[in-house]
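Please study the sequence and the structure below before reading on.

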Amino acid sequence: MPAQAQALVASASADLIRQAEEALMFIVQRPDRVMVRGKGSQLWDAEGRRYLDFLAGWAVNCLGHSPPVLVKALAKQARLLVNGSPALYNEPMIRLAKLLTDHSCLDKVFFANSGAEANEGALKLARKWGALKKNGAYEVVTAWNGFHGRTLAMMSASGKAHWDELFEPKVKGFVRVPFNDLPAMRAAIGPKTCAVLLEPVQGEAGVFPADEAYLKGVRALCDERNALLILDEIQTGIGRTGTLFAYEQYGIEPDIMTLGKGIGGGFPLSALLAKDHCSVFEAGDQGGTYCAQPLAMVAGLAVVGEVIRKDVSGLARRRGDYLMKKLNGLRTKHGLTEVRGRGLLCAIELPVEKAADVVKEALAEGLLLNAPRPASLRFMPALNISTRDLDEMVTILDRVLAKVLR
Ligand SMILES: Cc1ncc(COP(=O)(O)O)c(C=O)c1O
């Protein structure tokens, strides 16, 4: 672009940022870039700069940005029917529910719009089950450092220590235990417990997978003490960890599972799934204006259909192995203390708390990364990312680490 045109674009962009600061409620410090276009694993800003995207909308765009299969499905459905009514059937709603139940161990589905909303539904279902089938049991055991969303109940359920004093009083009835600690779980599940709620891999905490013996042990404890096991697969589901659902890798089945993020490939959609024995909602217990609206349903059908048809989960496993090998290659050179993950949900641990500096420097080099903790970097790209893009990311990361950790 000629220099004069570039200067004009840059000043229009700066003006937009000024307007953003005036009109948008502040919730987080965003970089001073305005994103306008995405394709596959690339994003472009208003000034034409390209970014290699390892955020993927926070582990959402599982098929990359604007995958043709999603764009086509949305455009076709938009011409037919955008919004019917949550009180009326639509065909894609039925087909997506069938697709999910046919490919999981769960029997019934309720569709919602965000992960937190699906988790709220899961807790309501568990409490209803406790009221009907376990003498009014209502307590839910969750894990420290777990993350389940930002509604008040989900902030109460999550195990982020610094959330404890916020927005008091919180929702009662949660018991928190250390993650991967079976004796602590054994001590926590009692007659008042209706459910245990866990992530198979704690994503927001910095990518910490549950041990196989732990999840198997929790499943056995839930069976022994008549409590439901709820798996929050909002981040791990739809192929992210190398299988369609992470629970498949643990040789167990949850009673309830929640999905979000990848299920819509970027379109807002989440789902609450349950086995028949605990699908106890009655009329009026659960609902929502936009639940199961046709646009979201065709997005889910297009994305989940493609993930299953093309075995994108297997691809994510192979790409994840490739990425882990490359990240391990940086280990000695930069003194990384850990490389961990499952499929394409990976993280590295820096020797010092400089992850935010790495994110900033990476942005300047056209790479989007996330630092979930002061010394951790998380990698959650599109599941169909090319090895060329993985190589480019590692080359930039290598350079940035050398600069920041110097
Ligand atoms: C495991 C898990 N559960 C729930 C949520 C909340 O999802 P949402 O932001 O769509 O409400 C997230 C979001 O990061 C998550 O990672």
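## The ligand and its surroundings

A nitrogen atom of the ligand is 2.7 Å from an N or O atom in the side chain of D232. The model under discussion is a predicted one.

| Residue | Part of the residue | Ligand atom | Distance |
|---|---|---|---|
| D232 | side chain N or O | nitrogen | 2.7 Å |

Taken alone, the ligand exposes 390 Å², of which the protein buries 82%. The ligand is surrounded by 13 residues, and the closest are G115, A116, D232, Q235 and K261. Helix α5 (residues 115-133) provides the largest share of this shell, namely 3 residues.

The domain assignment divides the protein into domain 1 (3-60 + 312-404) and domain 2 (68-309). The centres of the two domains, taken over C-alpha atoms, are separated by 27 Å. Where they meet, 22 residues of domain 1 are in contact with 26 residues of domain 2.

In soluble globular proteins, nonpolar side chains tend to be buried together. The largest nonpolar core of this model has 87 residues, and M185, L198, F379, M393 and L397 touch the most other members. Helix α9 (residues 294-309) gives the most to this core, with 10 residues. Because domain 1 and domain 2 both give residues to this core, it lies between them.

F379 illustrates how such a residue is packed. Beyond its neighbours within four places in sequence, F379 is in contact with several residues, including F54, L323, L344, I348, M393 and L397. There is also a second, separate core of 25 residues, and A116, C194, I230 and A274 are among them.

## A buried arginine

Where in the chain does R240 lie? R240 is placed in the loop between β10 (228-232) and β11 (256-259). With a relative accessible area of 2%, R240 counts as buried because this value is under 20%. Its side chain reaches the backbone oxygen of P381 at 2.7 Å. Leaving out residues up to four places away in sequence, R240 touches residues that include A59, Q235, R342, M380 and P381. R240 and G314 are 74 residues apart in sequence, and their C-alpha atoms are 9.6 Å apart in space.

By contrast, A187, found in helix α7 (residues 182-188), has a relative accessible area of 70%. A187 is therefore exposed, as its value is over 50%.

## Details of the backbone

Some backbone features also deserve attention. A cis peptide bond, with omega of about -5°, joins E168 and P169. P169 belongs to the loop between α6 (152-157) and β6 (174-177).

Which value of phi does A292 have? Although A292 is not a glycine, its phi is positive, at about 65°. A292 lies in the loop between β12 (270-274) and α9, and is buried with a relative accessible area of 10%. D311, likewise a residue other than glycine, has a positive phi near 45°. D311 is located in the loop between α9 and α10 (312-329), and is partly exposed, with a relative accessible area of 40%.

Terms used. Residues are numbered from 1 along each chain as its sequence is written. This is a predicted model: local features need pLDDT of at least 70, side-chain atom pairs count only at pLDDT 80 or more; totals for chains, interfaces and linings use all residues. Side-chain values use heavy atoms; hydrogens and water are left out. Helices (H or I, at least four residues) and strands (E, at least two) are DSSP runs, numbered from the N terminus. Buried means under 20% relative accessible area, exposed over 50%, partly exposed in between (1.4 Å probe, protein chains only). Contact means heavy atoms within 4.5 Å. A polar contact is a pair of N or O atoms within 3.5 Å; within protein, one must be able to donate a hydrogen and the other to accept it, and residues adjacent in sequence count only if both atoms are side-chain atoms. A nonpolar core is a set of buried Ala, Val, Leu, Ile, Met, Phe, Trp, Tyr and Cys residues joined through side-chain atoms within 4.5 Å. Domain bounds come from an automatic or database domain assignment. A residue is near a molecule or strand if one of its heavy atoms lies within 4 Å of it. Accessible areas come from the Shrake-Rupley method with a 1.4 Å probe; for residues, only the protein chains shown count as cover.
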